[in-house]
Amino acid sequence: MKIGFIGFGNMAKAIAKGLIDNNVLERENIYFSTRSKESRLAIETEWSINALESNQAVIDHSDIIILAVKPHQMDDVLTGLDFTSDVLLLSIVAGYSSEQLNRYISPQHYIRTMPNLNAQVNASMTALVENNQVTEADMGKAKTIFSAVGEIVVIPEEQLGIFIALAGSSPALVFLFIDTLARTAVKHGMPKAKATKIAAQAVLGSGKTVKESADSPWNLIDQVSSPGGITVEAVLSLLETDFSSSIIKAVDTMIEKNEEMTNRNTN
């Protein structure tokens, strides 16, 4: 299997690193192109992968293409490219719909995907958009690639905006929560670095507990909350200050913004 990246920014680098570190792909089987000759040379030297001068050259050398450019660049990038019948395109571009991709490539040969920032530590939650026109083998290839950087879920395209809010953008909310926990500890005398480490591990462990438990998150809250204890006081304090409502509003806002951006790009 040979994989080509059109664009090699932070997300593409995270995916390439996951593929290499997890022995899914050898460096000599990775190709890429960027707009800048200087960046190509720098990346080729640092990563020991194959830099090519054009996007078409990447397509011609690869079995699978990972499209990793900015949404506003998509039409310029895709115009004039010749996708051979045996090349599978994986788009990680937000806000660029299947309807738009259909202008340039047959739906039998692409899958929309959406990894998140945590791919850089092999802990991504990646969405693969349902496409009943691709083969099971091609969907399997996509699953193999993105499983190298975390976990995957297959969803219909109409739920992608929800996914972006829930997994793509929500790490920022979690980072804010961790930072706020840590800053509060600093207020009470703990050094920031130590407080951040403690808060981050607490969040990491809590997420793992939710994933591996048969209980709902609310039932897990009850398990931590002793009668008359400090935890239940904290939970009630958050409920009184509309913590849940604030999260709901933030997620609603992200979903609405994604719809706005998608409609703008489509029109």
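A crossing of two helices is left-handed if the near helix is turned anticlockwise from the far one by less than a right angle, and right-handed if clockwise. Helix 8 passes helix 9 in a right-handed crossing. The model is predicted, with local features needing pLDDT of at least 70 and side-chain atom pairs counting only at pLDDT 80 or more, while totals for chains, interfaces and linings use all residues. Residues are numbered from 1 along each chain as its sequence is written, and side-chain values use heavy atoms, leaving out hydrogens and water.

Helices (H or I, at least four residues) and strands (E, at least two) are DSSP runs numbered from the N terminus. Helix 8 (residues 170-187) and helix 9 (residues 192-212) pack at about 135°, their axes 8 Å apart; axes are lines fitted to C-alpha atoms over the stretch in contact, and angles run from 0 to 180 degrees between N-to-C directions.

The aromatic rings are a second topic. The whole structure holds three aromatic pairs. Rings of Phe, Tyr and Trp (its six-membered ring) pair if their centres lie within 6.5 Å, with planes under 30 degrees apart counted as stacked, over 60 as edge-to-face and the rest as tilted. Two of the pairs are tabulated.

| Pair | Centre to centre | Angle between planes | Class |
|---|---|---|---|
| F5 and F8 | 5.4 Å | 85° | edge-to-face |
| F8 and W47 | 5.4 Å | 90° | edge-to-face |

F8, in the loop between strand 1 (3-6) and helix 1 (10-21), lies 39 residues from W47 in helix 2 (residues 37-47). Ring pairs join F5, F8, F32 and W47 into a cluster.
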